[in-house]
Amino acid sequence: MVIQILFAILLAAPLIGFLFNGLRFRNQNCVLAGSIASGAAIISFLSSALLVSLLMQMPAGEGRFLRVHFFEWMAVGEFKVNAAFLIDQISAIMILVITGVGSLIHIFSVGYMSEDDRPSRYFAYLNLFLFNMLLLVLGDNLMVMFVGWEGVGLCSYLLIGFWFTDKEKSAAGMKAFITNRIGDAGFLLGIFLLFATFGSVEFSQLNHLLPATAETGWSGPITLACLFLFIGATGKSAQIPLYVWLPDAMAGPTPVSALIHAATMVTAGVYMMVRLSAVFVLAPQAMMVVAIVGAMTALLAATIGMTQWDIKKILAYSTVSQLGYMVLAVGVGAFMPAMFHLMTHAFFKALMFLGSGSVIHAMHHEQDVRKMGGLKRYMPITYWTFMIGWVAIIGLPPFAGFFSKDEILWHAFNLPKVGPLFWIVGALTAAATAFYMTRLMAFVFWGKPRFSSESHPHESPPSMTLPLIVLALFSVFGGWIGIPHVISAILPGHPGHLLSEWLEPVLAKLPGEAHGSAILEWSLMGVSVGIAGLAAWFSYDTYILNPDRTARITRKIGPVYRIVEGKYWIDEIYFGKLVNPLVNLSKGLWVYIDVRFIDQVTYWVSDFINSAGRGIRSLQSGNLQQYALFIAIGLISLMIYSL
């Protein structure tokens, strides 16, 4: 009973917050709206912490889970779905990230949105976003997950286009919504195929019904289902070819960007594949597709990030790139490292987005890094916390990003045959990340100020800096729960890989998984860290010590630079080859099929019936003289006929 109450509080708190602020959406009291929404998020976090503590007290193994069944949701023949929720080792991590990081983002928003005209509506959407994220990760079956999946899509649309009077921002929300619907269609097909094959959509039943051997071809039902599910993941987790919505999603308020990038919106696809790891390991062909797409996305997005000037878009492309790492990890069967990087990425990406929000707030909504510079002295707390996020994301030890990224690269290298190739792509991505993230630091915080004398940048209020400090601490220490064995072996006390031990009972393993020697692992670790360090130093040397170098390099590689700066013109190709032809086709169908054919036929039929009706109506006009005339005509006609 206690567990059921805690589940109910966990889910109901943000929903009640949404209803309260939603019913008074015109109210402009930001502190009240923010306090209610933040309180709801904190209550959810406390419920999550209590549930996870209960889970930790249970014996380790596959039987460690908490499940509640509220009611039967739908029953059509053999298809039955319950409104049931599950907390096991995987979802425990997710609910702590969602409610913990989500609470900090809510608190930050109180300061950031203090001058907005519609704070109640904003916080209502934010609470609804949190509720749907929890639905997504807590559902014990694919249908409940899909409800949360669609819910976060709707909330992202509402929040990205929050300032909808701006046409560009409104279009960004629409782009995110439509792109995600394409992926969602694939996700639904995957669910249907799994149900058609196994007769269930419950995770526990699916795990028991799966065959013992993997499929070898491309046409097996499990392989096809995994490919469809992955299409859904490419939409939510912004992978090739559906990544284009995420950089434009920066149109919304910056705390929304932090929530989208750090919690369960863009990581929903990764979470879904990890949750279904037992299904994916039976489809090695699909796994290879996942790994290739993840690696390509990681490198492509990292190269684009090197040429961007908008502070939020640089961070957005880094998110796409880091998601590529996670998807690569899933593809090579490294489900634990995927979850590990999902968690650490939530810490340092939320930190960096909120830090960028603090900078934008201080610069009066200026987002072009070329108009910043030297902010270190004006915003010390923002600077030092952002710097921790910078070190974490470029993967230098002992910060959180190092442990999770290195775990992915190590597992990728150990994949038979193509593993070293994936490692090279991952290491190149790490070097590119170190380069453009250092470039970001140089343009924003270091060097000489380039902003106008009227800007007067200043440090943000405590409601904004306190979340930065908390997230900075997690960005430093959050990775210590996953220290690799080769490092822990030389540390005092030999600390174990806590996350691996925690997740091992509920994650599937690829058969024949290989492990290299400790010397090889040390060597690869040193090379990847060395490459990232050199790239960071080269970037610092280029943008701070030798600023003229960039012009020379740009001139030398002019055509290549313009292609990358133009984001490989993928948006233009989509619009030129896909969107605009479809729009023109739709307009043609409207003009020639709808207006000129269907409408004309409809008008002709209606005119004919109308005219016929008018003619027949004259026979029943109520005019007695006319009736007498018709009778006389009839009698005369009969008389003539009888003659």
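User: Is Glu 202 buried or exposed?
Analyst: In this predicted model, Glu 202 counts as buried, because its relative accessibility is 16% and the cut-off for buried is under 20%.

User: Where is Glu 202 found?
Analyst: Glu 202 lies in the loop between H6 and helix H7, the latter covering residues 203-209.

User: And which residues does Glu 202 touch, leaving out those up to four places away in sequence?
Analyst: With those set aside, Glu 202 touches Asn 82, Asp 140 and Asn 141.

User: How far apart are Glu 202 and Gly 139 in sequence and in space?
Analyst: They are 63 residues apart in sequence, and the C-alpha to C-alpha distance is 9.1 Å.

User: Let us turn to Ser 156. Which helix holds Ser 156?
Analyst: Ser 156 has its place in helix H5, which runs over residues 142-160.

User: Why does Ser 156 count as buried?
Analyst: Ser 156 counts as buried because its relative accessibility is 1%, and buried means under 20%. Not counting residues up to four places away in sequence, Ser 156 touches Phe 129, Ile 260 and Met 265.

User: Now the strands. How do S1 and S2 pair?
Analyst: Strand S1, residues 66-76, and S2 pair in the antiparallel sense over nine bridges. Leu 66 stands opposite Ile 87 in S2.

User: What is in the turn between S1 and S2?
Analyst: S1 and S2 form a hairpin with two residues between them. Gly 77 is in this turn and has a positive phi of about 65°.

User: Why is S2 described as largely enclosed by the rest of the structure?
Analyst: Strand S2 covers residues 79-87, and eight of its nine residues are buried, so the strand is largely enclosed.

User: What about the largest nonpolar core: how many residues has it?
Analyst: The largest nonpolar core has 206 residues, and those with the most contacts inside it are Leu 138, Leu 142 and Trp 245. H15 gives the most to this core, with 18 residues. As general background, nonpolar side chains tend to be buried together in soluble globular proteins.

User: Which residues is Leu 138 in contact with, beyond its neighbours within four places in sequence?
Analyst: Among them are Phe 7, Leu 10, Leu 11 and Ile 95. Leu 138 is also in contact with Ala 84, Phe 85, Leu 86 and Ile 87.

User: Next topic: how much space lies in the largest pocket?
Analyst: The largest pocket holds about 1000 Å³ of space. Its lining consists of 39 residues, and Glu 168, Ala 171, Ala 172, Asp 248 and Ala 251 lie nearest its centre.

User: Which helix supplies the largest share of that lining?
Analyst: H6 does, with nine residues. Helices that each supply at least two residues of the lining include H6 (167-198), H14 (311-331) and H25 (570-617).

User: What is the lining made of, by class?
Analyst: The lining of the largest pocket has 20 nonpolar, nine polar and 10 charged residues.

User: Finally, the whole chain. How many helices and strands are there?
Analyst: The chain has 26 helices and two strands. Of its 643 residues, 54% count as buried. Along its principal axes, the C-alpha trace spans about 125 × 65 × 50 Å.

Definitions and conventions. Residues are numbered from 1 along each chain as its sequence is written. This is a predicted model: local features need pLDDT of at least 70, side-chain atom pairs count only at pLDDT 80 or more; totals for chains, interfaces and linings use all residues. Side-chain values use heavy atoms; hydrogens and water are left out. On a 1 Å grid over the protein atoms alone, a cavity is a set of points where a 1.4 Å probe fits but cannot get out, and a pocket is an open set with protein on both sides within 12 Å along at least five of seven lines; lining residues have an atom within 4 Å of a point. Grid points are joined across faces, edges and corners, and a volume is the space filled by probe spheres set on the points. Helices (H or I, at least four residues) and strands (E, at least two) are DSSP runs, numbered from the N terminus. Ala, Val, Leu, Ile, Met, Phe, Trp, Tyr, Cys and Pro count as nonpolar, Asp, Glu, Lys and Arg as charged, and the others, Gly among them, as polar. Buried means under 20% relative accessible area, exposed over 50%, partly exposed in between (1.4 Å probe, protein chains only). Contact means heavy atoms within 4.5 Å. Two strands pair if DSSP finds at least two bridges between them. A nonpolar core is a set of buried Ala, Val, Leu, Ile, Met, Phe, Trp, Tyr and Cys residues joined through side-chain atoms within 4.5 Å.
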